[in-house]
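Here is a briefing on one protein chain. Look at the sequence and the fold, then read the points by topic.

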Amino acid sequence: MTSTGETDGTGGTGRTEGREAGADAAAAAPPERKASWRLVGPGIVVAATGVGAGDLVATLIAGSRFGYTLLWAAVVGCLVKIALAEATGRWHLSTGRTIFDGWRSLGAWTTVYFAVYVTVWGFVYGAAAMSSSALPLVALFPGTLGLRTWAILCGLAGLAFVWFNRYAIVEKIMMAFVGLMFAVVVYVAVRVTPNLGDTVAGLLPVLPSGSLFYTLGLVGGVGGTITMAAYGYWVNAKGWTDSGWMRMMRLDNRVAYLTTGVFVVAMLIVGAELLHAAGTAIGSGDQGLLDLSGILEDRFGAVTAKLFLVGFFAASFSSIVGVWHGVSLLFADFVERTRAARAQGTGGEPPVLEVARGQRERSWPFRGYLLWLTFPPMGLLWLDKPFGLVIAYGVLGAFFMPFLAGTLLWLLNTDRTPRQWRNGPLSNTSLAVAGLIFVALCVNELRELPW
């Protein structure tokens with residue numbers, strides 16, 4: 001076993017190798033490490049990356065339309081993300097194999113899907129993330145630079161930061177962003193003076209008329225992206241490489257998503273008190289956060305409004321840093337294992353992937369995907385997001401989370417995983433519920449396409 005816990009380089013190991021890995025793990029179980037609050041980090045990174053400006057707007061709109069009624073859905077959403085991230089981390093730690101290695105063991109179809117998805121998604125997401133980070137900067141510094149210029153600078157800043165730094169520094173900056181986001185949003189929620197009685201009542205599962213897909217969106221959307229699949233890579237980059245770190249990983253994951261839960265509840269309170277009570281509507285997309293900034297300025301003054309814009313920027317730019325780093329790790333692993341599988345296909349002995357900590361971050365597949373996320377999407381800033389690409393992005397994005405939940409159920413209930421670490425009834429129920437929710441969201445996404 002190497003320092004990243006990767007023991008197999010074929011990229012296509014099947015049931016035989018899974019059984020051998022399970023037997024080896026059982027025969028030489030690593031010592032259990034003590035869970036410590038001081039080591040929390042990878043979960044914060046994945047949670048901060050998944051919560052972007054679009055998620056903030058979705059939560060605000062849910063609060064503005066239905067008040068506190070859907071508060072319970074935000075809590076359920078937190079539990080769903082805890083289950084998904086825990087399953088991803090458990091796979092990495094219990095098997096010593098990456099999630100992409102696991103996908104490959106399920107068949108070549110997973111590789112084809114991932115290759116198409118990561119190419120199209122990265123192209124469109126790059127432009128969306130840069131624009132989202134630029135919007136609060138335009139509002140904070142009016143009359144300086146235009147939206148496109150700020151967007152390009154944000155993309156270049158994210159590229160430079162991830163290119164020249166390793167995971168340890170990425171984690172520190174993400175922790176800082178989360179602290180800033182948390183402080184600002186909770187401060188605003190306190191300023192609007194929440195109704196405690198209505199807040200508690202909102203924990204009862206109720207579905208108002210017309211709220212079904214807002215509810216599913218709250219449960220499935222906030223903090224849920226392809227970066228959930230990157231959690232295991234961040235766990236390995238932290239130095240957690242075997243099942244002895246399982247307790248620490250679970251503490252890390254729960255702290256991160258409980259923090260996210262408080263964050264989402266705070267945004268729902270803002271929507272309920274500031275918008276629903278006054279019957280005020282905001283724009284869709286990132287523009288909705290600028291609308292909210294104006295409302296905050298009218299009610300609480302310029303300082304509160306500017307603080308909110310700073311929090312808006314922290315949420316958006318943390319997604320750039322997290323995606324640029326985490327999805328590039330996934331892509332680098334994809335390239336490494338595809339090359340290894342080709343070597344095996346030629347009849348030669350496949351190379352063993354021994355990837356030391358930090359080595360993958362210096363690889364050209366990692367840096368090549370960084371460049372793909374940064375420079376080609378800049379063209380979309382002038383093309384106003386071509387219609388066909390937006391359609392492809394929406395459809396592929398809707399399919400990814402059911403894919404993740406379904407494949408985790410498959411991997412963690414078979415002999416690919418050591419028996420001790422396979423799913424129990426609670427994990428299976430949580431992943432199945434998550435999968436069904438994401439399938440419903442996927443169907444809705446397809447239904448709303450302009451066929």
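The count of disulfides comes to zero, where a disulfide is a pair of cysteine sulfur atoms within 2.5 Å. This is a predicted model: local features need pLDDT of at least 70, side-chain atom pairs count only at pLDDT 80 or more, and totals for chains, interfaces and linings use all residues. Residues are numbered from 1 along each chain as its sequence is written, and side-chain values use heavy atoms, with hydrogens and water left out.

**Cysteines**

- A disulfide is a covalent bond between the sulfur atoms of two cysteines.
- C78 has 9% relative accessibility, so C78 counts as buried.
- Buried means under 20% relative accessible area, exposed means over 50%, and partly exposed lies in between (1.4 Å probe, protein chains only).
- C154 is buried too, with a relative accessible area of 4%.

**Helix α4**

- Helices (H or I, at least four residues) and strands (E, at least two) are DSSP runs, numbered from the N terminus.
- Helix α4 covers residues 71–95, which makes 25 residues.
- The expected span of a helix is 1.5 Å times one less than its number of residues.
- For α4 that span should be 36 Å, and the end C-alpha atoms are 37 Å apart, which agrees.
- Of the 25 residues of α4, 22 are buried, so the helix is largely enclosed by the rest of the structure.
- Just after α4, G96 takes a positive phi of about 70 degrees.

**Salt bridges**

- A salt bridge is a side-chain nitrogen of Lys or Arg within 4 Å of a carboxyl oxygen of Asp or Glu.
- The count by this rule is 10 salt bridges.
- One of them joins the side chains of R247 and E32, at 3.9 Å from N to O.
- R247 lies in helix α12 (residues 246–276) and E32 in the loop between α1 (15–27) and α2 (42–50), so the pair ties together parts that are 215 residues apart in sequence.
- R247 is partly exposed, because its relative accessibility is 48%.
- E32 counts as exposed at 55% relative accessibility.

- R337 and D333 form a salt bridge at 2.6 Å, N to O.
- Both lie in helix α14 (residues 302–345), four residues apart, about one turn of the helix.
- D333 is buried at a relative accessible area of 0%, and R337 is buried at 1% relative accessibility.
- E336 and R360 also meet through their side chains in a salt bridge, 2.8 Å from N to O.
- This pair links distant parts of the chain: E336 sits in helix α14 and R360 in the loop between α14 and α15 (364–374), 24 residues apart.
- E336 counts as buried at 14% relative accessibility, and R360 counts as buried at 7%.
- Through shared partners, salt bridges join R97, D101, D333, E336, R337 and R360 into one network.

**Aromatic pairs**

- Rings of Phe, Tyr and Trp (its six-membered ring) pair if their centres lie within 6.5 Å; planes under 30 degrees apart count as stacked, over 60 as edge-to-face and the rest as tilted.
- There are 22 aromatic pairs by this rule.
- The ring centres of W103 and F403 are 5.0 Å apart and their planes are at 55 degrees, so the pair is tilted.
- W103 is in helix α5 (residues 99–105) and F403 in helix α17 (residues 387–411), 300 residues apart, so this pair links distant parts of the chain.
- Both W103 and F403 are buried.
- F123 and W372 form another tilted pair, 5.6 Å centre to centre with 35 degrees between the planes.
- That pair also links distant parts of the chain: F123 in helix α6 (residues 108–140) and W372 in helix α15, 249 residues apart.
- F123 is buried at a relative accessible area of 18%, whereas W372 is partly exposed at 30%.

**Nonpolar core**

- A nonpolar core is a set of buried Ala, Val, Leu, Ile, Met, Phe, Trp, Tyr and Cys residues joined through side-chain atoms within 4.5 Å.
- The largest such core has 132 residues, and L84, W103, Y257, L289, W324, L330 and F400 touch the most other members.
- Helix α14 gives the largest share of this core, 17 residues.
- In soluble globular proteins, nonpolar side chains tend to be buried together.

**Around S131**

- S131 lies in helix α6 and is buried, with a relative accessible area of 18%.
- Leaving aside neighbours within four places in sequence, S131 is in contact (heavy atoms within 4.5 Å) with L147, A151 and L381.
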